[in-house]
Amino acid sequence: MSGILIRCNFLSNNLTHDRIFKDSLEQLSQWSGNNPIKLVRGAYLTQEPPDKVIQIKQEADNMYDTAVQRLLTQKDNSLMLATHNHRSVLKATQLLRDKYSEIMRRDRTVTFAQLYGMGDDITYGLVREMKTLNVPVSKVSVVKYIPYGSLNEVLPYLVRRAEENRGILGGSILEREALYDEVKRRIASYFGISTKLTEIRSDKE
Amino acid sequence: MGNLGRLLWLISSGETREEAVELARKLQVQGIQPLLVYSKESSDLPTDMYETEVEVIKCIEAVGELDKPAFVAIKLSGLSSDEELRQLEREIHSLSSKTLFGGTPRFIPQARGVLTRYPELMGRLQRISDVARKSKVGLVLDAEIRFQGQVDSLTTSASISSLLNEMGGHVWNTHQM
């Protein structure tokens with residue numbers, strides 16, 4: 001599979017990933033201080049210079065997971081983990097379970113976010129996990145990202161995300177299909193043959 | 001209604017703020033918090049930017065009626081012209097490059113000085129941030145194209161969120177790896 005592109009904070013092509021990552025975190029502190037952070041892998045892969053994009057998905061996944069681990073254990077920022085990657089979510093929840101007291105001793109919140117229509121298994125799994133952990137929603141929450149607007153405004157966004165996922169998530173065909181399903185649902189809803197946004201799918205409880 | 005009229009009606013109709021808020025309310029019953037975003041392709045027309053600001057503020061006020069936590073996301077590209085945003089990104093990137101290894105405290109104060117030269121954009125952001133603060137809604141600065149050539153736009157959203165937070169906001173910056 002070609003074209004697996006995850007962007008990362010490259011300073012120079014010949015730096016090691018450790019160095020790149022260290023600089024990225026240092027820059028985060030310098031630029032964002034203790035601001036709340038929404039952490040994403042990268043959103044506009046096809047529009048950016050190739051030298052700014054990590055070409056190997058596994059490396060990008062590892063860097064994302066390491067960033068989460070270091071941000072949770074070494075920084076104080078509130079963190080929103082915007083990801084549809086099952087493994088990343090599992091690692092983060094495991095870390096929360098193992099080091100909850102240490103992580104939450106800092107005055108912060110931790111949030112997991114998925115796009116509405118995508119990653120519902122992750123979202124509802126996280127809700128169950130949080131109930132098991134018995135953590136207050138004011139400290140750890142699960143979020144759905146809900147884009148709204150007219151068809152001509154929302155569709156370009158959803159289609160772009162689906163196209164980007166074709167490049168980003170080589171192994172996540174289901175996620176891409178879920179996005180296209182959402183596109184189809186939105187179109188179909190105008191003809192009265194599908195659920196509207198206000199109707200939650202009944203099998204997701 | 002003719003075919004063209006029907007097509008135009010279909011394209012311009014859509015899922016509304018009210019429907020999105022209603023969905024958010026239902027999700028909250030299931031233990032899921034909402035992050036709403038008004039999805040609109042960016043435009044350089046001042047009227048479009050104004051309408052985006054108005055819609056975002058209405059969205060925040062509506063989300064403010066929900067249980068907390070609740071969030072609304074915005075995009076700088078929806079509140080600024082392309083030319084203005086690229087210029088701002090170049091200035092902030094240049095500043096961050098100079099202060100990269102100069103220690104943490106210097107960057108933000110200098111960036112604040114740059115941002116004051118963009119009063120229209122900062123005015124829109126300030127008004128939105130103020131409404132979010134009063135409504136107790138978290139405001140998320142969503143990701144833009146991070147690298148415009150060699151210019152890293154992340155420093156721009158980071159400095160904007162820092163400035164708004166200094167003024168009492170609760171703004172999340174999207175950090176792209």
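Tutor: Start with a definition: the expected span of a helix is 1.5 Å times one less than its number of residues. Keep in mind that this model is predicted.

Student: How does the reach of helix 3 of chain B compare with the expected value?

Tutor: Helix 3 covers residues 46-63 of chain B, which is 18 residues. From first C-alpha to last, helix 3 reaches 26 Å.

Student: Which residues in helix 3 of chain B are buried?

Tutor: A residue needs 20 or more other C-beta atoms within 10 Å to be buried. In helix 3 of chain B, B:Met49, B:Thr52, B:Val56, B:Cys59, B:Ile60, B:Ala62 and B:Val63 are buried.

Student: What puts them on the same side of helix 3 of chain B?

Tutor: Their arc. They cover only 160 degrees around the axis, so they share one side of helix 3 of chain B. The face turned away from that buried side carries exposed residues: B:Pro46, B:Thr47, B:Tyr50 and B:Val54.

Student: What do the buried residues of helix 3 of chain B pack against?

Tutor: Four elements of chain B: helix 2 (17-29), strand 2 (33-38), strand 3 (71-74) and helix 6 (119-135).

Student: Take helix 2 and helix 3 of chain B. Where do their axes stand to each other?

Tutor: The axes come within 10 Å and cross at roughly 30 degrees. Angles under 35 degrees count as roughly parallel, so helix 2 of chain B is roughly parallel to helix 3 of chain B. The crossing is right-handed. B:Arg17, B:Val21 and B:Ala24 in helix 2 of chain B meet B:Lys58, B:Cys59, B:Ala62 and B:Val63 in helix 3 of chain B.

Student: Why is helix 7 of chain B called largely enclosed?

Tutor: Count its buried residues. They are 12 of the 13, so helix 7 of chain B is largely enclosed by the rest of the structure. Among them are B:Leu154, B:Ala158, B:Ile160, B:Leu164 and B:Asn165. Helix 7 spans residues 154-166 and reaches 18 Å, close to the 18 Å expected. Just after helix 7 of chain B, B:Gly168 takes a positive phi of about 100 degrees.

Student: What makes helix 5 of chain B roughly parallel or roughly perpendicular to helix 7 of chain B?

Tutor: The crossing angle. Helix 5 covers residues 107-115 of chain B; its axis and that of helix 7 of chain B come within 10 Å and cross at roughly 90 degrees. The range for roughly perpendicular is 65 to 115, so helix 5 of chain B is roughly perpendicular to helix 7 of chain B. The contact joins B:Ile108, B:Ala111, B:Arg112 and B:Leu115 of helix 5 of chain B to B:Ser159, B:Ile160, B:Ser162 and B:Leu163 of helix 7 of chain B.

Student: Does B:Glu83 count as buried or exposed, and how do you know?

Tutor: B:Glu83 has 9 C-beta neighbours inside 10 Å. The limit for exposed is 12 or fewer, so B:Glu83 is exposed. B:Glu83 lies in helix 4 (residues 82-99) of chain B.

Student: And A:Val68, buried or exposed?

Tutor: A:Val68 has 20 C-beta neighbours inside 10 Å. Buried asks for 20 or more, so A:Val68 is buried. A:Val68 sits in helix 2 (residues 57-74) of chain A. Leaving out residues up to four places away in sequence, A:Val68 touches A:Leu39, A:Leu81, A:Ser88 and A:Ala92.

Student: What is B:Lys136 called, and why?

Tutor: B:Lys136 has 14 C-beta neighbours inside 10 Å. B:Lys136 is in the loop between helix 6 and strand 4 (138-141) of chain B. Its phi is positive, about 60 degrees, although B:Lys136 is not a glycine.

Student: What kind of peptide bond joins B:Lys68 and B:Pro69?

Tutor: A cis bond, with omega about 5 degrees. B:Pro69 lies in the loop between helix 3 and strand 3 of chain B.

How values were computed. Residues are numbered from 1 along each chain as its sequence is written. Chains are lettered from A and ligands numbered from 1 in the order in which they are written. This is a predicted model: local features need pLDDT of at least 70, side-chain atom pairs count only at pLDDT 80 or more; totals for chains, interfaces and linings use all residues. Helices (H or I, at least four residues) and strands (E, at least two) are DSSP runs, numbered from the N terminus. The arc is that of the directions from the helix axis to the C-beta atoms. Two residues are in contact if their C-beta atoms, placed from the backbone, lie within 7 Å. Axes are lines fitted to C-alpha atoms, for helices over the stretch in contact, and angles run from 0 to 180 degrees between N-to-C directions. Angles under 35 degrees count as roughly parallel, over 145 as roughly antiparallel, 65 to 115 as roughly perpendicular and the rest as oblique. A crossing is left-handed if the near helix is turned anticlockwise from the far one by less than a right angle, and right-handed if clockwise.
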